[in-house]
Each structure stands twice: as structure tokens, then as C-alpha cells.
Amino acid sequence: MIRWGMIRESVSMSIGNIFANRMRSFLTVLGIVIGVTAIIALITIVEGVTYEVNAQFESLGAGKLNVTVTGTALKRGLNEGDMEAIRALDDVSGVSPSVSLTKTVLANGRWEEDIPIDGQDELYFRKSPKLVGRGRELNRLDIESASRVCLIDEVLMKKLFFGVDPLGRQVCVGGRWFTVVGMLSSDDADVMAQMSMGEDGRLIVPYTAAMQLDGLRGITSLAVYMGDTAKSERIIAHLKQALTSAFNGKDDTYRVINMQSLLDTMSTMTGMMTGLLAGIASIALLVGGIGIMNMMLVSVTERTAEIGLRKALGAQPGQIQLQFLIESFLLSTMGGLIGMGLGLAISFLFSLAIDTPFRLSPFAVLLGVGFSATVGVVFGWTPARKASNLNPIDALRSV
């Protein structure tokens, strides 16, 4: 029976042997360190990036359907009657049409060409409560009367009103004057708008006013908000029926994108990527385990006389086996802890470099350290077994 005193003695002897062969121990542990570092760093970085991407996509609106209309030669887009029919559908909580233009903008004596103009309604602002930093958002009266009011972002403000408060000032958009009534927040969460505007800035007007700017008669883009995402399939079916009816039975005149399905697909893909990266990094751990087994086999050969003497003095095979298993376990665990520290440090620095949140992954830490400890036991078993089975007479002959 193995006693605690025996375990303490085996641990002490294992530590002594590890430090007596520092260089060999370091080279053996190096494979484990590299493997654990790779596992923790890769998984942590991927999870951080995935979290940020999912957060950005969720800002597009989980529970929202994006509709893009191509129309027909006779009917290019949806009219108010079509949109009212969509609003009347069961479990549809709201419809938000949008118009995208590019116009030359003049303000404060400065011209800026090719500025993205977004036509939106009041629901768009209601669904993004943090969108407006100063001033006011668009309201229903602005939409119904096609008011010439606008909101601009910080990028456009610096171009047109550098050093001047833009609220209440006039902006000429496509030859028509608009009053600035609000400033968009610097943490604007509309990802699609950020992607489209680039470095040019952004200007929002009522969608009805945007249609007048370009002489549009129909809406070609709108967001349909679902009241119950669990009924998304039925809502999509009813929405497609309404759109098909709006274009006289033609179902190739529009496209419906379910943002929730995109999120689900992305989550599945990132989960597969995380598993793949963990599998690749685990190869380094297996190589490190082979290194541990190689070192322990060499150690058994070098310490044949010591093993024989201990057996002659009454040491049981289980005690000999325990000592070598503990030595192998300590080497792999030491490598796992060092790899954990390096992996977390690398992932933290990488998150700072690419400006994404650092998210500690307990799964990555447990996988890396747990796998390294398991590797130590598994690959240390054969050398430990070999040492415990040595014949003390044959071992002492090598002295």
C-alpha cells in the first residue's frame, strides 16, 4: 500500500532529479510549453475575435429580417401600401425602410464629394437607443413631412464644421439645404453603415427626404422586425407571400436575409475553427509527450544501478513506478503552467494589437493544462513500468 510519506519522498526525489539535469529537463518541457501555449493562445484569440464579431453582427439586429428588392421593369420598389401590408403581418413588430445615396455636401464654405447619405425612419433610431450622442433623433413628423433635417457623425463634423458646433447649422445636400439636428454617437453600433461610409463620414436624413433627393418612387431596402423569433420561419413565409403579391406573383424580385440564421451559421463555423485549431495545437503536445517518454527511458537506463539498489533494500515495484510517474507528471505539469502563462500573455498582447476584447477562456486553460498533465502520465507510464520491472540482480551488475 502506498503511504503519503512515500509519495512525499517520491516527489522530493523526482524534483531533485529534474533539477540535477536542468538542460535536459528544459528541452523536454519545451515541447509541452509550445503545445500548451499554442492551444491557449489560439483558442483565446479566436474566442475574443468571435465574441467581437458576434457582438457586431448582433448589432445588426437579432430578430430582424433584411429585405432587398430588385423589382421589375414596371415596379422598381415597394410603395407605402406594400409596407403597410407587411406591417399588418402577424408577429411583425415594425418595418423600417432605408435609402442609400451618395451626394456632394456643402457646409461652412467647405465641399465634400461622394458622402454616403442614409435615409432612415424613426424606428431605426428607436431600435438603436445609443445612436444619437447629442441633439435629437428623427421623429414621425420628420418622416411624414419629408423634413429637411439631418444628423451627422464625428468624421463628417470634422470635415465640415471643424472647431464649430454643427447643431442648428445648415448643410447643402445635393443642392438642397438641411438643418443639423443631431450628432451621431462615436460608438455608433450600425456595422453595415460603418462599413459603407469608410473614411468619408455619414449623414442621416428622413428616408422620404432621401427619396426626393434622388427622385425615387419605391423602397428597395427595408428591415422587418420580428415580434417572436421562435416563429421566424412562419414570419418569413408570410413576408415572402406579401412581397410576391406586391410584384404580381413574381418571387425573383426580392431577397430576404434572416440575421439570426447568419449568427447561427457564424457560431457553427467559429466552433469548428476553434476545434480545428485546438486539434492542430494538440499535435505539439503529443510531440512533447514523446519527448518526455524519451527522456524518462534515458533516465531509467542511466539510473539502473540506483533502481537495483533501491529494490535490493526493499523498495517495491509500485514505489519505483510511482516515482517515475511523478517525475513525468511534474515535467508535463510544469510545462503546462509555463505554457498557460505564455499563452495568456500572447493572446492579451494580440488582443491589444488588433483592438479586440481579451476574454479569458476557462476551456482553453483546462484543455491545455489538463491535456499536458494527461500526456505526462500516459507517456511516462512505459518508462515507469520498465523501471519497476527491472531485476535487482541484473541492475546491480551494471554498477
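**Confidence, strands and rings in a predicted model**

This is a predicted model, and its chain has a mean pLDDT of 80, with 81% of residues reaching 70 or more.

Q: In which helix of the chain is confidence lowest, and at what mean?
A: Let's begin with the two ends of the confidence range. Strand β5 (residues 149-152) has the highest confidence in the chain, at 96. At the other end, confidence is lowest in helix α7 (residues 191-197), with a mean of 47.

Q: How many contacts beyond four places in sequence does the model have for residues 191-197?
A: Over residues 191-197, pLDDT stays under 50. Where pLDDT is low, the predicted coordinates should not be read in detail. With that in mind, the number of such contacts in the model for residues 191-197 is twelve.

Q: Which residue of β8 is the bridge partner of Gln120?
A: Strand β3 (residues 110-120) and strand β8 (residues 203-206) run parallel and are joined by four bridges. Gln120 has its bridge partner in β8, and that partner is Pro206.

Q: Do β5 and β8 pair in the parallel or the antiparallel sense, and which residue of β8 is the bridge partner of Ile152?
A: Two bridges link β5 and β8, and their sense is antiparallel. Ile152 takes part in bridging to β8, where its partner is Leu203.

Q: What is the geometry of the aromatic pair formed by Tyr124 and Phe125?
A: A search of the whole structure finds one aromatic pair. Tyr124 and Phe125 form this pair, at 5.5 Å centre to centre and with 90° between the planes. Since planes over 60 degrees apart count that way, the pair is edge-to-face.

Q: Is Tyr124 buried or exposed, and what about Phe125?
A: Buried means under 20% relative accessible area. Tyr124 has 8% relative accessibility, so it counts as buried. Phe125 has a relative accessible area of 1%, so Phe125 is also buried.

Q: Over the ring of which residue does the charged end of Lys127 sit?
A: Here are two lysines placed over rings. Lys75 lies over the face of Phe247, at 5.3 Å from the ring centre. The charged end of Lys127 is 4.7 Å from the centre of its ring, and that ring belongs to Tyr225.

Q: What distance separates the C-alpha atoms of Val53 and Met266?
A: Val53 belongs to helix α2 (residues 22-59). Its relative accessible area is 29%, which means that Val53 is partly exposed. Val53 and Met266 are 213 residues apart along the chain, and their C-alpha atoms are separated by 9.1 Å.

Terms used:
Residues are numbered from 1 along each chain as its sequence is written. This is a predicted model: local features need pLDDT of at least 70, side-chain atom pairs count only at pLDDT 80 or more; totals for chains, interfaces and linings use all residues. Side-chain values use heavy atoms; hydrogens and water are left out. Rings of Phe, Tyr and Trp (its six-membered ring) pair if their centres lie within 6.5 Å; planes under 30 degrees apart count as stacked, over 60 as edge-to-face and the rest as tilted. Buried means under 20% relative accessible area, exposed over 50%, partly exposed in between (1.4 Å probe, protein chains only). A charge sits over a ring if NZ of Lys or CZ of Arg is within 6 Å of the ring centre and within 35 degrees of the ring normal. pLDDT is the predictor's confidence in each residue, from 0 to 100. Contact means heavy atoms within 4.5 Å. Two strands pair if DSSP finds at least two bridges between them.
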